[in-house]
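Keep the viewer open as you read.

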Amino acid sequence: MPSEPSTVPIVGIGASAGGLEAFREMLRFLPDDTGMAYVLVQHLDPKHESLLPELLARVTPMDVQEAQQDMVVEANHVYVIAPNTDMTLSQGALSLLPRTEVGGQHLSIDTFFCSLAERRAAGAMGVILSGTAADGTRGLQAIKAAGGMTFAQAPLSAQFDGMPQSAIAAGSVDFIGSPEEIARELTRISRHPY
């Protein structure tokens, strides 16, 4: 499938255990006028409603919403994956799919990042924050291979370093830093589009 024309730059941000604190710290340091959209893919309990949108709305002036089917991605907005779903990008809108597991693992971050790489190519950006296991590594590799930019939380700053460590070990990360440093780098990039 050909990549879509890059209108709004989309930053996919994946996290698992310890992710709430990392998301909060990152959003706290992102200005509300970067011109980018932020799509947060957190491993959520499939049986419970998510409080993530309300919790994150307290730390950023940007509009924070739970993703819905065919929701058009807009600049300076934050979108949070809905529980019990996988999410992809299609024609600038979010597409929700029933949650799938591969070998007993739910790889929602890889699913979204691979879709982002396919749709936005060099305009794709992916960030891996705190979490266990390796979800997101394959997705970051896809973003990097498509010419996009990749970021990982510095393992020492992560509550759980498994996911960032896995992405870094795979050699697919352009920038490693704390959530605050990643936010500052994204802001710098937004002021000087590459």
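In this predicted model, 7 strands form an open sheet with parallel pairing. The order across the sheet is β3-β5-β2-β1-β8-β9-β10. At the edges stand β3 (63-66) and β10. Each has a single partner strand, so one side of each lacks a neighbour in the sheet. From one strand to the next, the twist averages 20°.

Now go to β1, residues 10-15. How many of its residues are buried? The count is 6 of the 6, so β1 is largely enclosed by the rest of the structure. Buried here means under 20% relative accessible area. Ile 10, Gly 12 and Gly 14 point one way from the strand. Val 11, Ile 13 and Ala 15 point the other way. Both sets are buried.

Next, look at the strands that pair with β1. One of them is β2 (residues 37-42), which runs parallel to β1 and is joined to it by 6 bridges. Within that pairing, Ile 10 has Ala 37 of β2 as its bridge partner. To get from β1 to β2, the chain passes through helix α1 (residues 19-28). This β-α-β crossover is right-handed. Strand β8 (residues 124-128) also pairs with β1 in the parallel sense, over 5 bridges. There, Ile 13 stands opposite Val 127.

Step onward from β2. It is joined to β5 (residues 77-80) by 3 bridges, and the two run parallel. Val 39 has Tyr 79 of β5 as its bridge partner.

Helix α3 (residues 108-120) lies across β1, β2 and β8. It runs at about 165° to β1. Helix α6 packs on the sheet too, touching β1, β2, β8, β9 and β10. Its direction makes about 160° with that of β9.

Stay with α6, residues 179-191.

Which residues of α6 are buried? They are Pro 179, Ile 182, Ala 183, Glu 185, Leu 186, Thr 187, Ile 189 and Ser 190.

Key: Residues are numbered from 1 along each chain as its sequence is written. This is a predicted model: local features need pLDDT of at least 70, side-chain atom pairs count only at pLDDT 80 or more; totals for chains, interfaces and linings use all residues. Side-chain values use heavy atoms; hydrogens and water are left out. Buried means under 20% relative accessible area, exposed over 50%, partly exposed in between (1.4 Å probe, protein chains only). Helices (H or I, at least four residues) and strands (E, at least two) are DSSP runs, numbered from the N terminus. Two strands pair if DSSP finds at least two bridges between them. A crossover is right-handed if, with the strands pointing away from the viewer, the path from the first strand over the helix to the second runs clockwise. The expected span of a helix is 1.5 Å times one less than its number of residues. Axes are lines fitted to C-alpha atoms, for helices over the stretch in contact, and angles run from 0 to 180 degrees between N-to-C directions. Contact means heavy atoms within 4.5 Å.
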